[in-house]
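Here is a short note on a few local features. Please read the points with the structure open.

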Amino acid sequence: MSGRIIKVSGPLVVADGLADANMADVVRVGEQRLIGEILNMTGDQASIQVYEETSGLGPGAKVETTGAPLSVELGPGIIENIYDGIQRPLEEIVKKIGSNLARGVEVPALSREKKWAYTPVAKVGDKVVGGDVIGTVPETEVVLHKIMVPNGVSGTVAWTIKPGDYTVEQVVAKVKTDKGDTVELTMVQKWPVRVGRPYKRKYNPVVPLQSGQRIIDTMFPIAKGGTAAVPGPFGSGKTVVQHQLAKWSDVDIVVYVGCGERGNEMTDVLREFPELVDPRTGESLMKRTVLIANTSDMPVAAREASVYTGITIAEYFRDMGYDVAVIADSTSRWAEALREMSGRLEEMPGEEGYPAYLASRLAQFYERAGVVQCMGTEDRRGSLTAVGAVSPPGGDLSEPVSQGTMRIVKVFWSLDASLAYRRHFPAINWLNSYSLYLDTMKPWFDEHYPGFMDNRNKAMSLLQEENELNEIVQLVGKDSLSAADQLTLEVAKMVREDFLQQNAFMDVDSYSSHDRQMKLLALILDYERLAREAVGKGAELAPLLEIPAKERIGRAKFEEADQYDRAYADIAAEMEREIAAIAEKAGADL
């Protein structure tokens with residue numbers, strides 16, 4: 001069925017003669033067959049957002065509807081791939097035409113030529129339902145791709161192919177439904193991006209996601225299956241924080257969505273990830289990563305689709321029972337695309353020109369995160385963690401995207417430009433950030449790392465005390481404080497500089513395990529306890545601040561990963577001896 005264009009306004013095209021088309025249908029526009037999606041219908045007129053550059057289109061050009069919503073192809077070949085916002089493989093497009101921005105190019109999302117080593121799991125006569133695994137493909141060295149029965153299909157396996165190498169379009173199994181129909185199954189299935197994939201039930205997220213970043217894992221942890229936002233002004237290190245999460249998070253799959261960010265940042269990811277070694281598997285990080293690149297110079301309408309494309313791919317791997325993280329950089333650019341399309345549709349604007357449905361769209365994205373029991377007869381659990389960057393203009397957190405996000409997410413890592421200017425990275429402000437998962441994850445921490453949460457709470461109260469004392473210091477000077485308060489300032493400084501500060505560009509400090517974080521924080525707090533006891537016995541503060549062990553604590557985070565355990569024990573023993581000697585001398589002087 002086809003219609004004709006009557007109006008073109010940037011990425012918005014209005015066409016008539018489409019009375020039989022439906023909302024959200026994908027259409028092909030003009031001679032170049034540009035991809036578009038129907039946003040609204042009025043009679044036989046359709047408003048279409050076109051995901052490609054519309055220059056050269058004019059009234060009278062033909063519009064054809066495909067009759068299907070915007071969908072992604074799910075199957076072997078997704079991992080290690082680089083897609084644009086509507087799942088076109090950029091590397092394949094470059095090979096085909098030498099430019100990844102040519103219009104109207106049609107390249108399948110998954111290679112139709114590549115053969116995969118398929119091993120059937122289901123046998124003839126097995127009863128299967130949607131979500132059951134019928135076969136497996138070793139997609140990369142670290143990801144076993146499970147070929148599942150599409151949702152809505154159930155019955156008995158009537159035929160299955162022998163183990164061997166096959167393309168994604170070859171039939172690998174046939175299922176006879178209860179009605180007597182035969183459904184042929186291939187390795188590839190399609191799913192509409194704006195519809196969340198189904199699951200049996202949702203659980204409370206209780207296991208922490210380990211990112212290797214001390215301020216995140218210790219102070220403001222996120223649970224696997226949780227939601228987090230990273231807001232911050234320009235230059236405060238949002239992208240680096242998200243890169244660190246993508247690199248080191250202990251998840252099975254990472255889907256990184258570069259949504260409207262600068263092209264050079266995406267290039268950094270493409271260059272860096274293949275060279276980085278995953279600490280869990282020893283393989284390249286790209287072996288478990290899917291990249292969706294929709295940079296700021298690409299058509300604005302595709303930004304909106306890129307976030308949904310990313311989270312749908314993530315849900316597919318979650319349904320296999322994997323832990324998946326979606327990292328969206330940045331949701332503000334996506335909201336700007338919504339605002340532009342809303343303006344062109346002449347909808348009533350909401351706050352700051354954003355559409356009235358901004359908050360519900362943000363919620364639709366983040367609510368697809370969670371820990372779920374997957375579909376199928378087998379008992380599988382998967383998790384999907386969603387982390388979105390927010391780029392508020394001028395760092396103003398009262399603007400609509402930040403406020404809408406804060407109402408939805410449970411972890412808020414507030415980046416601070418003043419910390420970034422002081423070269424304190426990650427520049428997460430410990431006074432403004434929060435995590436609402438601390439209570440639900442406490443049992444896990446108490447079981448695996450006893451005392452960890454108590455130390456975390458002590459460190460946080462030290463940092464809050466420091467903030468209060470600093471106001472007094474600005475009025476009357478540091479020397480007017482008592483020895484106990486001066487010690488509080490000194491220990492809080494150690495927590496900030498020796499623990500929270502982390503160098504993303506030093507291999508030894510870029511990633512820090514839970515065990516290492518616990519022992520490093522315990523060292524600092526043991527120093528505080530021993531020094532406080534010594535001050536109570538009459539010791540002077542100055543010699544306590546100058547002991548060699550304190551200097552060693554400052555360098556402790558740079559100990560090699562296989563040596564830190566012994567080194568920290570040595571520092572602890574040396575610190576006890578040195579503080580005991582000072583306390584003893586003070587006692588003798590009395």
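1. Helices (H or I, at least four residues) and strands (E, at least two) are DSSP runs, numbered from the N terminus. Pro426 sits in the loop between α9 (417-421) and β26 (434-435). The peptide bond from Phe425 to Pro426 is cis, with omega near -10 degrees.

2. This is a predicted model: local features need pLDDT of at least 70, side-chain atom pairs count only at pLDDT 80 or more, and totals for chains, interfaces and linings use all residues. Residues are numbered from 1 along each chain as its sequence is written, and side-chain values use heavy atoms, with hydrogens and water left out.

3. Another cis peptide bond runs from Asp329 to Ser330, with omega near 10 degrees. Ser330 belongs to the loop between β22 (323-329) and α6 (331-344). Most peptide bonds are trans, and most residues other than glycine have a negative phi.

4. Gln87 is not a glycine, yet its phi is positive, about 60 degrees. Gln87 lies in the loop between β8 (82-83) and α1 (90-97). Its relative accessible area is 4%, so Gln87 counts as buried (buried is under 20%, exposed over 50%, partly exposed in between; 1.4 Å probe, protein chains only).

5. Glu352, also not a glycine, has a positive phi of about 55 degrees. Its place is the loop between α6 and α7 (358-366). With a relative accessible area of 46%, Glu352 is partly exposed.

6. Where is Ile472? Ile472 is part of helix α11 (residues 452-476). Ile472 is partly exposed because its relative accessible area is 39%.
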